[in-house]
Amino acid sequence: GIKPRARCVTGTLILDCEGLSKVVLKDRTTIALLAQARFDGLRVVTSAATLVEARDPRVDQGRFDWAVSRLVVEPVTEDIARAASRLLATHRLHGHQHAIDAMVAATALAAPAPRILLTSDPGDMTVLCGKGVRPVRA
């Protein structure tokens, strides 16, 4: 028989807190989107910082761990932290309310293009990411 060719990775789908939360809750639309992204050759990633932000104590740890196991978790390295800090300074933002968004944005900008960010706040993420990332409402 004919074997299907392995698809090469051609970009990245990044999940912010809302995107990861919907995966954890097995939201059908989000799960279908992830399946399509993988079929299209996209890496599906989230930031390690998002794991902290998305952890809801009302949700079973096993369910959370299962959802995370299906993703590539990108670490918050010193380079990512410095890039996030520069994004905040560039846009005159500061404080914890913007810190995780900036880390997610820096993670997205460091990922292979094309980059799609599944986010609850496309407006804020467009400001942080500029034209380098296409935000999609989670």
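These legends describe close-up views of a predicted model.

**View 1. The buried side of helix H4.** Helix H4 spans residues 61-69, and Phe64, Ala67 and Val68 are buried in this helix. These residues lie on the same side of H4, because the arc they cover around the axis is only 95°. Among the elements that cover the buried residues of H4 are helix H1 (17-24), helix H3 (48-54) and strand S3 (72-74).

**View 2. The N-terminal end of helix H4.** Asp60 caps this end of H4. A side-chain oxygen of Asp60 is 3.0 Å from the backbone nitrogen of Gly62.

**View 3. Charged side chains over aromatic rings.** The ring of Phe64 has the charged end of Arg55 over it, at 5.1 Å from the ring centre. Phe64 is also one of the buried residues of helix H4. At Trp66, Lys26 lies over the face of the ring, and the distance to the ring centre is 5.3 Å. As for pairs between aromatic rings themselves, the count is zero.

**View 4. Thr12 in strand S1.** Strand S1 covers residues 11-15 and includes Thr12. Thr12 has a relative accessible area of 0% and so counts as buried. From the side chain of Thr12 to the backbone oxygen of Pro112 the distance is 2.8 Å. Apart from neighbours within four places in sequence, Thr12 is in contact with Leu42, Arg43 and Val45, and also with Ala111, Pro112, Pro114, Arg115 and Ile116.

View 5. The number of disulfides in the model is zero. The cysteine sulfur closest to that of Cys17 belongs to Cys129, and because it is 16 Å away, it is too far for a bond. Cys129, likewise, is in no disulfide, its nearest cysteine sulfur being that of Cys17. A disulfide would need the two sulfur atoms within 2.5 Å. Cys17 is buried, at 18% relative accessible area. Cys129 is buried as well, with a value of 7%.

**View 6. Gly123 in helix H7.** Gly123 belongs to helix H7, which runs over residues 122-129. The relative accessibility of Gly123 is 42%, so this residue counts as partly exposed. Gly123 and Pro135 are twelve residues apart along the chain, and their C-alpha atoms are 8.2 Å apart.

Definitions and conventions
Residues numbered from 1 in each chain as written. Predicted model: local features only at pLDDT ≥ 70, side-chain atom pairs only at ≥ 80, totals over all residues. Heavy atoms only, no water. Buried < 20%, exposed > 50% of the residue type's maximum accessible area, 1.4 Å probe, protein only. Phe/Tyr/Trp six-rings, centres within 6.5 Å; stacked < 30°, edge-to-face > 60°. Lys NZ or Arg CZ within 6 Å of the ring centre and 35° of its normal. Helix = DSSP H or I, 4+ residues; strand = E, 2+ residues; numbered from the N terminus. Arc of directions from axis to C-beta. Contact = heavy atoms within 4.5 Å. Polar contact = N/O pair within 3.5 Å; in protein donor to acceptor, adjacent residues only side chain to side chain.
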